[in-house]
Amino acid sequence: MPALDLSIVDEVETALDTGSAEKRLETVKRVTDLFLLSAGSYKDEQIELFDTVLERLIKTIEIRALADVSARIALAELSAQLAPVSQAPPSTVRRLANNDEITIARPVLMESARLSPEYLVEVAATKGEQHLLAIAGRWWLKEVVTDALLARHYPSVSRRLVNNPGARVSSTGFAIVVTQAESDPELAIETGIRVDLPPELRHRLLRNATQAVRARLLSRAPPDIFEEIRTAIGAATAGVNRQMSRAHDFTAAKQLVARLNANGELNEATLLGFAKQRKYEETVAALTLLTRSNIDVIRPLMQSLRDDGVLVACKAAELNWETVSAILESRFSTGSLAPHELAKARGEFAKITVENARRLLKFWQVRAL
């Protein structure tokens, strides 16, 4: 079994005492390669010897790494090599994790099993955002660690933790995230669909969310908490004017739109004006006439939590994207779709042909009879 024999020890001592910077980098690589040959077979005392040697070498290289790219690369490579090794030299791993250069610290912060929860809490309390992001990406995190990460209030770290299924989050941690989510629609959605989010915090999140966020959250809800989310949305919106769910009287809107159409004044610009002003009934009535459809077809499309039906109707009317996006948002009395949601809808809209849209809309009309 390979071991750190006397020749290597002598080489290390020589590199430390009289060797050039290049010689020290070469020695680090040789010692690391030797360790990795039988990393899973070494006894504790052998690992301790490797640990002592590597840490001494790293100390001499760290200062140079501040100004030397090759030294930083060598330490980053060492970090990447040791990160997945369960028996990696512990002091060496901690020294790499504590490095201010994130390219050196990231591999072990993200993966090394040698970093205890207590040590990760210490790093979370003292290092910057990039180090915290690396920790937040670990496959498994205890609540004590996520509490320490969330206490720093970095939105990027909160988003990574919420999207990490292996991150355990306490009620205290979730309370911080829910507060941040009030001004971050994407974070609100990702937090709202976490099955471990306490019910009272889910209710609070939904009370403060826009209707657009509520609708998106419900559309992405896992089956096992779908009913809980739907009930919470119902409680949060009780007594609130919700365009998508409340009863509407389209009589006046249909009469207005019919007059505009008879006078040759009903066009895309008119529809855009209705949508931008969130005049829901007028928007539905105008879209109905411009698609040569009927209100019993267009109304369900506008009430749906999905966008695709509205996109089909808009394509059939050959509307521009500005009008389409305004119509999508007119379904909510307040709030707006997140940029990534609009971008996704725009991509889907571009894929639909006018011919296919009109054929599908005609089918829906026949079915509605």
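Visitor: Which residues line the second largest pocket?
Guide: This is a predicted model, in which local features need pLDDT of at least 70 and side-chain atom pairs count only at pLDDT 80 or more, while totals for chains, interfaces and linings use all residues. A pocket is an open set of points on a 1 Å grid over the protein atoms alone, where a 1.4 Å probe fits, with protein on both sides within 12 Å along at least five of seven lines, and lining residues have an atom within 4 Å of a point. For the second largest pocket, the lining consists of Glu111, Ser112, Ala113, Leu115, Pro117, Leu120, Arg138, Trp139, Trp140, Leu141, Lys142 and Val145.

Visitor: How many residues of that lining are nonpolar?
Guide: Ala, Val, Leu, Ile, Met, Phe, Trp, Tyr, Cys and Pro count as nonpolar, Asp, Glu, Lys and Arg as charged, and the others, Gly among them, as polar. In the lining of the second largest pocket, 1 residue is polar and 3 are charged, and the number of nonpolar residues is 8.

Visitor: Which helix supplies the largest share of the lining of the largest pocket?
Guide: The largest pocket holds about 340 Å³ of space, and its 13 lining residues include Arg216, Ser219, Asp307, Lys344 and Glu348, which are the closest to its centre. Charged residues number 8 in this lining, beside 3 nonpolar and 2 polar ones. The largest share, 5 residues, comes from helix 22.

Visitor: Is Asp307 buried or exposed?
Guide: Asp307 lies in the loop between helix 19 (295-303) and helix 20 (308-316), and, leaving aside residues up to four places away in sequence, Asp307 is in contact (heavy atoms within 4.5 Å) with Arg216, Leu328, Arg331 and Ala345. Buried means under 20% relative accessible area, exposed over 50% and partly exposed in between, with a 1.4 Å probe and protein chains only. Because its relative accessibility is 7%, Asp307 counts as buried.

Visitor: What distance separates the C-alpha atoms of Ser325 and Leu337?
Guide: Residues are numbered from 1 along each chain as its sequence is written, and side-chain values use heavy atoms, with hydrogens and water left out. Ser325 belongs to helix 21, residues 321-330, and counts as buried because its relative accessibility is 16%. Ser325 and Leu337 stand 12 residues apart along the chain, and their C-alpha atoms are separated by 9.0 Å.

Notes
Points joined across faces, edges and corners; volume = space filled by probe spheres on them. Helix = DSSP H or I, 4+ residues; strand = E, 2+ residues; numbered from the N terminus.
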